[in-house]
Every structure is written in C-alpha cells, then in structure tokens.
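Please open the model in your viewer and keep the selection tool at hand. The stops below say what to select next and what is found there.

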Amino acid sequence: MPVRSDAPLQAQTVTHSLRTRFIFVMLGLAVVPLLLLPLLAGRNASTHLEQQSVAFQRQVAAGVGSEIEAAIRGRVDDLEQLVLVAHVLGKSRQEQELLLSSLLADERMFQDIALVDRRGDELVRVARDEAVLATDLRDRSGDAAFERALRTARPYFGPVSFDEEAREPLMTVAYPAVDVRSGSVSAVLVGSVRFKPVWALLAEQEMTGGLDVFVVNAAGTVIGHRDPTRVLREEVYLPDAADGRSLGLDVEESVVATVDLELGDQRLTVVAEQPLSTALKASTDAFIVTMYVTALAAFFGVAAIALMT
C-alpha cells in the first residue's frame with residue numbers, strides 16, 4: 001500500500017507563512033513611516049506656529065507701546081508749550097494758575113501740575129481733585145523730579161508707582177525752563193501723569209483668540225490692564241528674558257512677547273500673551289486629522305492582509 005506524503009502540504013504551508021510575513025513586513029514599512037510622519041510634521045508645525053504667534057504678539061505689543069509712549073511724551077511736550085509758547089514764566093500768578101488749570105482741564109492725563117522756581121519753591125500748583133491755596137504750596141527742593149531737571153536741564157521721567165489717594169499709578173514728569181541768555185534753569189514745571197487713560201487705551205484694543213496686552217513697570221507691577229482690578233490689586237508679573245513659551249499673568253502656559261519702552265531712565269514693558277492651546281490650535285487640529293487618516297489607512301491595510309491570508 002503506497003505511503004501518503006505530507007511534503008506538498010507542508011511546503012504550501014511554509015510558502016503561505018512566508019508570504020504572510022512578507023506582507024506584514026511590507027505593510028509595516030509602509031505604515032510605520034506614516035505614523036511617524038504626523039509626529040514629526042506636528043512638531044515642526046507647532047514650532048512654526050509658535051514663532052508666528054511670537055512675531056504677531058511682538059507686533060501688537062510694539063503698536064500699543066508706541067501709543068503709550070506717545071501719550072506720555074506728549075504730556076512733556078504740553079509742559080514745553082507752556083514755557084515756549086504761552087510764556088508762563090512772564091505771567092502774573094493769576095495768569096499762571098489759569099494757564100495750568102486750562103491744561104489740566106484739556107488734558108485728562110495730568111493729575112496735577114506745579115510751577116517751581118529754581119530754589120524749589122512752588123509758585124503755582126493746580127490739581128484735579130482738590131483746590132490748592134497759596135498756603136498749600138510747598139518746598140520741592142530735594143524732590144527727585146525737580147532736582148534732576150534743574151541739574152541736567154533736560155526733561156525728566158520718574159518711576160511709575162501706585163498712588164493710594166488717586167487710586168491709580170502715576171508717573172512724575174518735569175520740564176526745565178532754560179533761560180536763553182544765561183543757559184541756566186530758571187524754573188521747572190512738574191506734573192503727575194495718570195495711567196487710567198492707558199487702561200482705557202488697552203480696553204479699546206480689539207483682541208481675539210485669548211490675546212491680552214498689559215503693561216508692567218521695572219519692578220514687574222502691573223500698571224496698565226484692560227481689567228482695572230488687576231492694577232488695583234497691584235499684581236506682579238516678571239516676563240522671561242526671551243519671548244516664547246512661558247507662564248502668563250494667570251499662571252497658564254502661554255506664548256508671551258514683550259516690548260520695552262524707554263522713557264529717560266525709566267523702563268516700562270508692554271506684554272502680549274496668548275494661551276498656548278489657542279496659539280497652537282491650528283497645529284493641533286491638523287495633527288488630529290492626520291493621525292485619524294493614518295489610522296484609517298493602517299486599518300484598511302490590516303483588513304486587506306486578513307482577506308489575503
């Protein structure tokens with residue numbers, strides 16, 4: 001009786017197994033790169049979007065900063081006009097008070113203005129929230145704004161600090177009236193610049209996508225924000241030296257860009273921030289779609305192999 005051999009069946013099984021393995025290897029070579037590609041592309045896209053966000057936010061901060069700087073420097077120009085155009089020094093005390101009061105009424109950024117002689121005695125002072133009598137005039141000698149303007153014969157910009165009575169930050173500015181014949185300073189105009197108008201300027205900015213812009217002084221204290229309560233609470237934010245990913249004012253991971261304003265010896269910083277999740281949303285959405293498509297491709301590939309085997 002002839003012996004039946006299983007060799008053809010075994011050979012067929014081995015061939016089938018090798019073909020299956022070969023298909024799986026080829027599928028792996030095709031699918032694995034597809035799975036890795038979204039990861040690499042997503043990372044590059046995130047970096048690119050972050051760089052774009054930083055550039056855009058820096059541009060926004062620079063635009064807002066230019067408006068703020070122009071507003072503050074404009075107040076020093078107002079004091080200059082009192083000297084050079086209105087000739088305030090040659091007026092009577094009553095006329096001087098009228099000129100200063102008119103400027104205070106016309107320009108909402110001044111909290112008070114004083115005309116000080118070279119000895120440091122106030123000749124006239126007007127204030128937004130109070131009537132100043134002759135008996136209220138004081139000695140300004142030793143005052144940093146007066147002394148600096150007197151000594152350097154140049155405009156002075158003081159530090160910004162929160163004033164409890166005014167309930168807002170103030171910056172002291174001074175303009176020296178220089179005698180053209182002697183070249184010496186004959187008097188100094190000193191004014192307190194309000195920052196509530198800066199709050200209004202920030203509130204008027206049209207921001208989308210969670211973008212926010214605020215201003216801090218050299219100590220990191222928030223002095224300008226669309227939400228006044230943040231200023232009133234004297235919140236502190238110290239931005240990183242380099243723009244990019246950082247914790248924002250709300251201690252949320254954000255993309256942050258800053259622009260410094262140089263006003264004399266003072267430095268103010270305009271900060272623009274946007275939550276990282278919002279800044280990179282386009283990249284995240286694209287990554288999810290790509291991974292979904294890749295997963296479908298892998299699924300159909302495996303299904304095809306199952307049918308072939």
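Begin with the largest pocket, which holds about 510 Å³ of space. Here a pocket is an open set of points on a 1 Å grid over the protein atoms alone, where a 1.4 Å probe fits, with protein on both sides within 12 Å along at least five of seven lines, and its lining residues have an atom within 4 Å of a point. The volume is the space filled by probe spheres set on the points, which are joined across faces, edges and corners. Select Q111, D112, D163, L170 and S192, which are the closest to the centre of the pocket among the 20 residues that line it. Next, colour β1 (110–117), β2 (122–127), β3 (156–163), β4 (168–178) and β5 (185–194), the elements that each give two or more residues to this lining. Of these, β3 gives the most, with four residues. By type, the lining divides into six nonpolar, four polar and ten charged residues, where Ala, Val, Leu, Ile, Met, Phe, Trp, Tyr, Cys and Pro count as nonpolar, Asp, Glu, Lys and Arg as charged, and the others, Gly among them, as polar.

This is a predicted model, in which local features need pLDDT of at least 70 and side-chain atom pairs count only at pLDDT 80 or more, while totals for chains, interfaces and linings use all residues. Residues are numbered from 1 along each chain as its sequence is written, and side-chain values use heavy atoms, with hydrogens and water left out.

S192 counts as buried, because its relative accessibility is 12%; buried means under 20% relative accessible area, exposed over 50%, and partly exposed in between, with a 1.4 Å probe and protein chains only. Leaving aside residues up to four places away in sequence, S192 touches M109, F110, Q111, D112, L170, M171 and T172, a contact being heavy atoms within 4.5 Å.

Move on to P197, in helix α4 (residues 196–204), which is also buried, at 9% relative accessibility. P197 touches R108 and M109, again not counting residues up to four places away in sequence.

Now select helix α2 (residues 93–106), whose 14 residues reach 20 Å from the first C-alpha to the last, close to the 20 Å expected at 1.5 Å a residue. Which residues of α2 are buried? They are Q96, L100, L103 and L104. Seen down the axis of α2, these fall within an arc of 100 degrees, so they line one face of the helix. The face turned away from that buried side carries the exposed residues Q94, L98, A105 and D106.

Two loops come next. H87, in the loop between α1 (7–84) and α2, has a phi near 50 degrees, a positive value in a residue other than glycine. V251, in the loop between β8 (244–247) and β9 (253–263), has a positive phi too, near 55 degrees, and V251 counts as exposed because its relative accessibility is 62%.

Finally, zoom out to the whole protein, which has seven helices and ten strands; helices (H or I, at least four residues) and strands (E, at least two) are DSSP runs, numbered from the N terminus. Of its 309 residues, 42% count as buried.

Note on methods
The expected span of a helix is 1.5 Å times one less than its number of residues. The arc is that of the directions from the helix axis to the C-beta atoms.
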